[in-house]
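The following paragraphs go through one protein structure, from its overall make-up to single residues. Please keep the sequence and the model in view while reading.

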Amino acid sequence: ALLLERGADLNAATEGGFTPLHLSSENGHNDVCALLLERGADLNATTQKGSTPLHLSSQDGHKDVCAHLLKRGADPNATTQEGFTPLHLSSYNGHKDVSALLLKRGADPNATTQEGFTPLHLSSENGHKDISAFLLERGADVNATTQTGFTPLHLSSGNGHEDVSALLLKRGADPNATTQKGYTPLHLSSQNGHKDVCALLLERGADLNATTEGGFTPLHLSSENGHKDVCALLLERG
């Protein structure tokens with residue numbers, strides 16, 4: 001307050017484009033954010049990479065700051081240069097309360113980054129089941145594909161998140177969806193040695209003998225990477 005009274009520029013930006021409001025939002029200082037906003041700080045100022053204060057508070061899970069910014073008119077669908085919305089960032093980092101708040105305030109559950117990732121892709125990739133369920137309830141497309149053809153199920157399967165994979169399958173995810181190079185979720189779970197996910201996918205109709213563009217089956221990939229338990233499972237089901 002003293003610095004502002006003495007004429008400090010409240011919209012001054014660092015080399016990376018960060019204003020005082022960006023930094024107070026990123027670090028969860030709601031009282032400082034309130035002061036800066038009262039004095040006229042730019043609510044939708046962007047860094048060089050396109051992040052607004054709401055992006056930063058959402059990314060770090062500061063719900064009170066997010067609520068304050070939204071109440072003042074922050075855009076819940078603002079995008080960074082790479083196309084990330086605040087909801088992408090809160091979903092990726094597992095901040096359920098912030099994600100719920102953003103959705104309530106009009107965030108698009110099917111917004112896509114430049115590479116085609118939706119918030120559901122990111123929550124699935126990192127194993128955030130509660131957020132994934134919430135996004136699906138709010139209309140997220142369970143079979144949305146990235147520019148290279150990855151669905152949320154590809155990402156949860158490849159990273160061994162059995163509970164998220166089960167949720168996605170229950171909500172209609174295609175167990176035989178293929179990426180541009182022909183990889184199914186079973187290819188990825190086999191390649192990375194996630195036996196329980198492989199078993200789940202097989203129970204839900206995954207094709208044991210699906211081949212990639214290069215002719216690889218799930219058994220090729222589990223064998224190549226030394227995953228004996230997965231190899232045994234695939235042979236048993238074959």
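Lys and Arg are counted as positive and Asp and Glu as negative, while His and the chain ends are left out; each charge is placed at NZ of Lys, CZ of Arg, CG of Asp or CD of Glu. On that basis the protein carries 18 positive and 28 negative side chains, and the centres of the two sets are 7 Å apart. The model is predicted: local features need pLDDT of at least 70 and side-chain atom pairs count only at pLDDT 80 or more, whereas totals for chains, interfaces and linings use all residues. Residues are numbered from 1 along each chain as its sequence is written, and side-chain values use heavy atoms, with hydrogens and water left out.

The protein contains 15 helices and 0 strands. The C-alpha trace spans about 75 × 35 × 25 Å along its principal axes. Of the 238 residues, 48% count as buried, where buried means under 20% relative accessible area, exposed over 50%, and partly exposed in between.

Two domains divide the protein: domain 1 (1-108) and domain 2 (110-237), with bounds taken from an automatic or database domain assignment. Their C-alpha centres lie 33 Å apart. Across the boundary, 19 residues of domain 1 are in contact with 18 residues of domain 2, contact meaning heavy atoms within 4.5 Å. Of the contacts in the protein with a separation of 6 or more, 68% join residues 24 or more positions apart.

In soluble globular proteins, nonpolar side chains tend to be buried together. A nonpolar core is here a set of buried Ala, Val, Leu, Ile, Met, Phe, Trp, Tyr and Cys residues joined through side-chain atoms within 4.5 Å. The largest one has 45 residues, and Leu69 and Leu168 touch the most other members. At least two residues of this core come from each of several helices, among them helix 3 (30-38), helix 9 and helix 15 (228-237). Helix 13 gives the largest share, 6 residues. This core lies between domain 1 and domain 2, because both give residues to it.

Leu69 is one of the buried residues of helix 5, together with Val65, Cys66, His68 and Leu70. Helix 2, helix 3, helix 4 (53-59) and helix 7 are among the elements that cover these residues. Neighbours within four places in sequence aside, the contacts of Leu69 include Leu21, Ser25, Leu37 and Pro53. Gly73 follows helix 5 and has a positive phi near 110°.

Ser25 sits in helix 2 (residues 20-26) and counts as buried because its relative accessibility is 0%. Beyond four places in sequence, Ser25 contacts Cys33, Pro53, Ser57, His62, Val65 and Leu69.

Leu168 belongs to helix 11 (residues 162-170), where Val164, Ser165, Leu167 and Leu169 are also buried. The buried residues of helix 11 pack against helix 8 (119-125), helix 9 (129-137), helix 10 (152-158) and helix 13 (195-203). Just after helix 11, Gly172 has a positive phi of about 105°.

Note on methods:
Buried < 20%, exposed > 50% of the residue type's maximum accessible area, 1.4 Å probe, protein only. Helix = DSSP H or I, 4+ residues; strand = E, 2+ residues; numbered from the N terminus.
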